[in-house]
Amino acid sequence: MESVRKANQRLRNYPVLLAKCSVAAAAYATCVTTDLNVAHRVCEKEFQQFQQCLQKAAREMGTKL
């Protein structure tokens, strides 16, 4: 049950992680929503920045994604 407790704690941390990366999340969301027919990897740069921000924030909090 320890693994379930840790997983639940990680889920509770997601809003904090997203708040710390709100600028990168907004940039990625803007890119994705600009066109109804989003092609694969069109927003790759924005996604990579968002992903790196989340990983950095998780590392600073001492948690995993």
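Ring pairs join Tyr 28, Phe 47 and Phe 50 into a cluster, where rings of Phe, Tyr and Trp (its six-membered ring) pair if their centres lie within 6.5 Å. The model is predicted, so that local features need a pLDDT of at least 70 and side-chain atom pairs count only at pLDDT 80 or more, whereas totals for chains, interfaces and linings use all residues. Residues are numbered from 1 along each chain as its sequence is written, and side-chain values use heavy atoms, with hydrogens and water left out.

The structure holds 2 aromatic pairs. In one of them, the ring centres of Tyr 28 and Phe 47 lie 5.5 Å apart and the ring planes stand at 55°, so the pair is tilted; planes under 30 degrees apart count as stacked, over 60 as edge-to-face and the rest as tilted. This pair links distant parts of the chain, since Tyr 28 lies in helix H2 (residues 22–33) and Phe 47 in helix H3, 19 residues apart. Helices (H or I, at least four residues) are DSSP runs, numbered from the N terminus. The rings of Tyr 28 and Phe 50 have centres 6.2 Å apart and planes at 20°, so this pair is stacked. Here too distant parts of the chain are linked, with Tyr 28 in helix H2 and Phe 50 in helix H3, 22 residues apart.

Phe 50 is buried, with a value of 13%.

The crossing of H1 and H3 is right-handed. A crossing is left-handed if the near helix is turned anticlockwise from the far one by less than a right angle, and right-handed if clockwise.

A search of the whole structure finds 2 salt bridges (a side-chain nitrogen of Lys or Arg within 4 Å of a carboxyl oxygen of Asp or Glu). Glu 2 bridges to Arg 5, with the closest N and O atoms 2.4 Å apart. These residues are 3 apart in helix H1, which means that about one helical turn separates Glu 2 from Arg 5. Glu 2 is partly exposed at 40% relative accessibility, as is Arg 5 at 46%. Arg 41 and Glu 44 form a salt bridge at 4.0 Å, N to O. Arg 41 is exposed, at 58%, whereas Glu 44 is partly exposed, at 27%.

The protein chain averages a pLDDT (the predictor's confidence in each residue, from 0 to 100) of 93, and 100% of the residues score at least 70. Confidence is lowest in helix H1 (residues 2–20), at a mean of 92, and highest in helix H3 (residues 44–61), at 97.

Terms used:
Helices (H or I, at least four residues) and strands (E, at least two) are DSSP runs, numbered from the N terminus. Buried means under 20% relative accessible area, exposed over 50%, partly exposed in between (1.4 Å probe, protein chains only).
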